[in-house]
Amino acid sequence: MTVAPKREAYDVVVIGAGPAGLAAAATSAEAGLTTLLLDENIGPGGQVFRAISSTPVTERSQLGADYWAGADLVQSLRASSAEVIHRATVWSLDRNLDIAVSIGGASAFVRAKRVILATGALERPFPIPGWTLPGVMTAGAAQTMLKSSALVPDGRTVIAGQGPLLWLLAAQILRLGGRIDRILDTTERGNYLAALPHAFAFLTSPYFTKGLSMMREVKAKVRVVSGVTELAATGDGQLTSVSYVAGGKRETIPADLLLLHQGVVPNVNLAMSADVEHRWDDLQLCWSPVLDASGNSSVPGIAIAGDGAGIGGANAAVVRGRIAARAAVEALAAAAAAKLPAMATLRADLAKAERGRVFLDTLFRPSPQFRIPSGDTIVCRCEEVTAKDVLDSVAIGATGPNQLKAYRRTGMGPCQGRLCGLTVTELMAQARGKTPQEIGYYRLRAPVKPITLAELAAVPKSEADIKAVVRG
Amino acid sequence: MTQTVDAIVVGGGIHGCSTALHLCLAGLKPVLIEKDYAGRHASGVNAGGVRQLARHIPEIPLSIRSMGIWEKIKDLLDDDCSFESHGQVLVAENEEELAVCRARVAELNALGFTHEELIDATELRRLVPAVAETCPGGVVSRRDGAANPAQTTTAFRRKAQQLGATVREGVAASNIRYSDGLWYVAVGAETFAAPVLVNAAGAWAGKIAAALGEPVPVETVAPMLMITSRVPHFIDPVVILRGRKLSFKQFTNGTVLIGGGHLATPYQDRNETVLDWKSLATSARTVFELFPVMRSATIVRAWAGIEAKMKDDIPVFGPSSRHKGLYHQFGFSLHGFQLGPGAGAVMAELIVNGGTQTRISELGIDRFHPSTL
């Protein structure tokens, strides 16, 4: 059934129903603002609480207590007056706060006084030789299948990469009876030393004990190879083996499934298409929006909360969602803000939730050879552009990602740069001896997700149709 | 520190780049100044139409001159610019529109122009098999085609640089002034001086002209384009409509570019545009009606480039009516891309020889002299 938005205009439109979006929409609606929550998935939860109200995995210990915390957020949203629409893909947002959303194959336009973007994170590209082979997928995709359908790998499975999510996924696969043959840990040895100064904050953070017990749980059952410095997937049209170098020794092992993961980065596409200013984050190695302490972006009326504002994890996302919503309430209905927790309290909560983050960011900072490929390794999957192709274009005058589009069409395919953007920026920066900030990123354009011509054609007519202008 | 050169070209669109290149070919050493990078605005993001078809009569000689250069573009630039010549077809959707086409072709023929050719329903169907059956005919310009605009503009810039042009990108021209027979332009900490200044600054050119005492009726516009995912090959020529705002082109990779002049809101000072999706929906409806094969294609991206549009829709091209050594080359009003190569060649002739064989007399800035406004 298709549900169109009930109004044409709202006080607050929240985009994304992960931790940040759920918290933001509930807070805004509780304060009496007309609130619309638009979310692409079939139910609330985003990635971290995916399928929170529908998962077939009912044994609570298998997905862990952190996962089930999402149920409380959903509860308070449902108790509020927020209007919630799922399977709703926002495909355009601009600085006038006009929003175009596709719901069940029909597009609607709504306008907001404030927009809170809670579009979360994406997995960082992991462009190793053979990463486009069938049989190679991201750990996140595997986790999606696990949460929504209780599907776990049963063939020869290798997990490679680094970061907290990798260990969480491994633990979840094992608890559900899935198979993992080997874990190839790509964490750079030098990172342990670099992270040391931040270790105290980490030791006293909630990540520490949980993370440690999870790694212990996994290491008891699976062979873990650490210090992996090279990685390649091989096979003729289908993955058959994974080869790697650790401690200077190369080894090749047969595999049916390779799960890759080296952390997550903000999903910036919608914010960038609305011309929100972003900066290169040298620690997290990604683009992050420029925000004030309440999450307000460079575009008046657009705030960003959750991992889309810079990776901070689920607990921080919830608090950032509340902060952004409280700021919206202060702006639109100052009297109602008194009902909400004070900003100072929320900021203290955020500081607590972000404790240990610098340690994790430093420890799990991916090494250059896994971010910046060379030779025939594919960079842009949509247009099958290799690292060498990119360097050749730089040699004849492509100075940044937007010029590269003209030479190689990188970033112009259906993924809109989600799978190649960071790689292209860093590769061009390295080739030209510039910083990623100087090189810049693709100028992103709506529709942020493709819509059919038929759907666009079905949008109601406007008076602009009649205006006559010479054709170009 | 002032560097003296032969000419200063302000604006790194296809026009500024082409003029810089042709000045180099004539043995001059120009400097090209672009506040962003070559092809950042309309020149790099337009529909890429290489079209003589349906042009205003005053600019047809320039367009024909340009077409000759397009056909040898690879010899000029060492880059094929992805130029393809499959013709451009103007479709009449009914008999009234066809009658307008007939009159237009007759008018051109009387003036001695033969590039536009009236076609009947059979020839239209042969050229564009996918077009709706109700269309009775149209006009074709067979030598026309399309090129990749960003690739083309970049290729002009690169070749100009190879032949000795100095290129300054990323810093705006400022403090433009004339003194003792020389034009002075500051670019950041540098200053260039030359006897010749070419104002090819696109959407920013009107301000330069006004500051130099030659205000003209110009507005900043941002025509929108959108591109689809790949669909099976079904059309070769570029198609435009007689009665509705649509241009339509399928690339060799299968993607289809849909344009036609619906406008976004430009925010010129921020280099930004805000798209008008309700107008783009109108383009989508037109395509939906005319090309049923396109209905399930997806729209992957839409955008708009910022440019200058004159009140009378034809460019300002030629020497200043007030200042010695100043030349204008702007206001191409949504159809400047095809003219770029020829306009650069003619501008170089004006600068070097003081005149040209190509008829441009109706494009001068003097047509906006206060007495004629």
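Trainee: How many residues of chain B are in contact with chain A?

Mentor: Keep in mind that this is a predicted model. Contact here means C-beta atoms within 7 Å. On the chain A side, 32 residues take part, and on the chain B side the number is 46.

Trainee: Which element gives the largest share of the side of chain B that touches chain A?

Mentor: Several elements of chain B supply at least two residues each, among them α7 (149-162), β14 (218-228) and α9 (277-290). By class, that side of chain B has 21 nonpolar, 16 polar and nine charged residues. The largest share is 10 residues, and they come from α9(B).

Trainee: Now for β3(B): how many of its residues are buried?

Mentor: In a regular strand, side chains alternate between the two faces of the sheet. In β3(B), B:Pro30, B:Leu32 and B:Glu34 point one way, while B:Val31 and B:Ile33 point the other way, and all are buried. For this strand, residues 30-34, the count is five of five.

Trainee: What is the handedness of the crossover from β2(B) to β3(B)?

Mentor: β2(B), residues 7-10, pairs with β3(B) in the parallel sense over four bridges, with B:Ile8 opposite B:Val31. Between the two strands the chain passes through helix α1 of chain B, residues 14-25, and this β-α-β crossover is right-handed.

Trainee: And which residue of β9(B) stands opposite B:Ile33?

Mentor: β3(B) runs parallel to β9(B), residues 166-169, and four bridges join them. Opposite B:Ile33 stands B:Arg168.

Terms used: Residues are numbered from 1 along each chain as its sequence is written. Chains are lettered from A and ligands numbered from 1 in the order in which they are written. This is a predicted model: local features need pLDDT of at least 70, side-chain atom pairs count only at pLDDT 80 or more; totals for chains, interfaces and linings use all residues. Two residues are in contact if their C-beta atoms, placed from the backbone, lie within 7 Å. Ala, Val, Leu, Ile, Met, Phe, Trp, Tyr, Cys and Pro count as nonpolar, Asp, Glu, Lys and Arg as charged, and the others, Gly among them, as polar. A residue is buried if 20 or more other C-beta atoms lie within 10 Å of its own, exposed if 12 or fewer, and partly exposed in between; C-beta atoms are placed from the backbone. Two strands pair if DSSP finds at least two bridges between them. A crossover is right-handed if, with the strands pointing away from the viewer, the path from the first strand over the helix to the second runs clockwise.
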